[in-house]
Amino acid sequence: MNAQFLSHMERILWLYALPYNPQYPVVCFDERPCFLIGDLLPPVPMQPSQPRKEHYAYEKHGSCALLAAIEPLTGRRLGQVQPQRTKREYMEFCRALAATYPDAIKIRLVQDNLNTHNASAFYAHLPADDAFALAQRFEFYYTPKSASWLNMIECEFSALARGCLHQRIPTIEQLRTSVLNLLAERSAKQIKIHWQFSIQTARTKLNTHYERVHAANVKYAEPHPSPDTSALGQPGAASQPEPVAGVQGERVGSAMSQKDLET
């Protein structure tokens with residue numbers, strides 16, 4: 001982690017901590033590839049006391065792209081399945097997102113640094129006046145490199161993977177139907193994401209990275225308690241590592257691996 005990483009991370013954590021404001025909705029967006037897979041042999045349907053079975057052999061039918069966004073504080077979702085993910089698809093998605101929030105002054109959009117994720121996509125595919133008007137609807141917040149865990153849409157992608165994307169789906173039409181139906185169902189249920197990883201938690205749990213950037217950040221380090229010598233030699237005396245954050249159903253704190261932190 002460097003100073004730029006910490007700056008971008010804290011800006012997003014500050015954004016997540018803001019109270020709900022319908023005029024400035026916080027929306028998390030990303031794209032992910034989806035592979036179209038078909039069966040070479042028909043699967044054996046489910047029978048009493050027997051699960052559905054499919055042959056290990058399969059055939060590939062290409063790929064497509066899922067573009068999706070979630071407003072964590074309300075559970076509102078928007079998704080599109082496109083043959084590819086270029087600036088045109090990004091522009092079309094942002095235009096649909098702007099139409100979803102007609103009364104919002106600014107849509108605060110959290111996304112990664114992909115080269116298509118900026119207002120140049122609007123100007124490449126819209127007249128200048130329309131492109132400028134669309135760009136005015138958004139504030140862009142970019143996650144640091146190698147920090148996809150900071151974008152809450154990744155939690156939704158995980159749920160979609162478990163709900164339907166784990167299956168073999170041979171055509172883009174079938175995949176679109178499955179994904180959009182599941183998104184609509186989860187949106188109707190208003191399944192929200194409760195973020196628990198704060199700026200203060202970051203400064204404490206990731207203090208070695210903060211201290212490497214500036215030595216004075218040691219003041220945020222978690223104090224180490226004095227060792228309890230009376231417990232030495234007793235079974236179970238070894239301390240257990242404390243998790244950074246956890247997942248509780250649909251409640252997400254943010255799960256980070258060492259690879260995520262090494263930037």
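**Exercise 1.** Which residues are buried in helix α4 (residues 128–135)?

*Solution.* The model is predicted: local features need pLDDT of at least 70, side-chain atom pairs count only at pLDDT 80 or more, and totals for chains, interfaces and linings use all residues. Residues are numbered from 1 along each chain as its sequence is written, and side-chain values use heavy atoms, with hydrogens and water left out.

Step 1. Buried means under 20% relative accessible area, exposed over 50%, and partly exposed in between (1.4 Å probe, protein chains only). Helices (H or I, at least four residues) and strands (E, at least two) are DSSP runs, numbered from the N terminus.

Step 2. In α4, the buried residues are Ala131, Leu134 and Ala135. They lie on the same side of α4, because they cover an arc of only 100° around the axis; the arc is that of the directions from the helix axis to the C-beta atoms.

Step 3. A contact requires heavy atoms within 4.5 Å. The partners against which the buried residues of α4 pack are α2 (87–100), α3 (120–125) and β5 (138–142).

**Exercise 2.** Describe the nonpolar cores of the chain.

*Solution.* Step 1. A nonpolar core is a set of buried Ala, Val, Leu, Ile, Met, Phe, Trp, Tyr and Cys residues joined through side-chain atoms within 4.5 Å.

Step 1. The largest nonpolar core has 40 residues, and Met9, Tyr16, Leu66, Val110, Leu165, Leu175 and Val179 touch the most other members. At least two residues of this core come from each of α1 (3–17), β1 (26–39), β2, α5 (153–165) and α6 (172–188). With 7 residues, α1 gives the most to this core.

Step 2. A second, separate core has 24 residues, among them Leu78, Tyr101, Ala131 and Phe138. Ala131 is also one of the buried residues of α4.

**Exercise 3.** Which residues line the largest cavity?

*Solution.* Step 1. On a 1 Å grid over the protein atoms alone, a cavity is a set of points where a 1.4 Å probe fits but cannot get out; lining residues have an atom within 4 Å of a point.

Step 1. The lining consists of Val27, Ala69, Ile70, Glu71, Arg76, Arg77, Leu78, Leu97, Thr100 and Tyr101.

**Exercise 4.** How many helices and strands does the chain have?

*Solution.* Step 1. There are 9 helices and 7 strands in the chain.

Step 1. The chain has 263 residues, of which 39% count as buried.

Technical notes: On a 1 Å grid over the protein atoms alone, a cavity is a set of points where a 1.4 Å probe fits but cannot get out, and a pocket is an open set with protein on both sides within 12 Å along at least five of seven lines; lining residues have an atom within 4 Å of a point.
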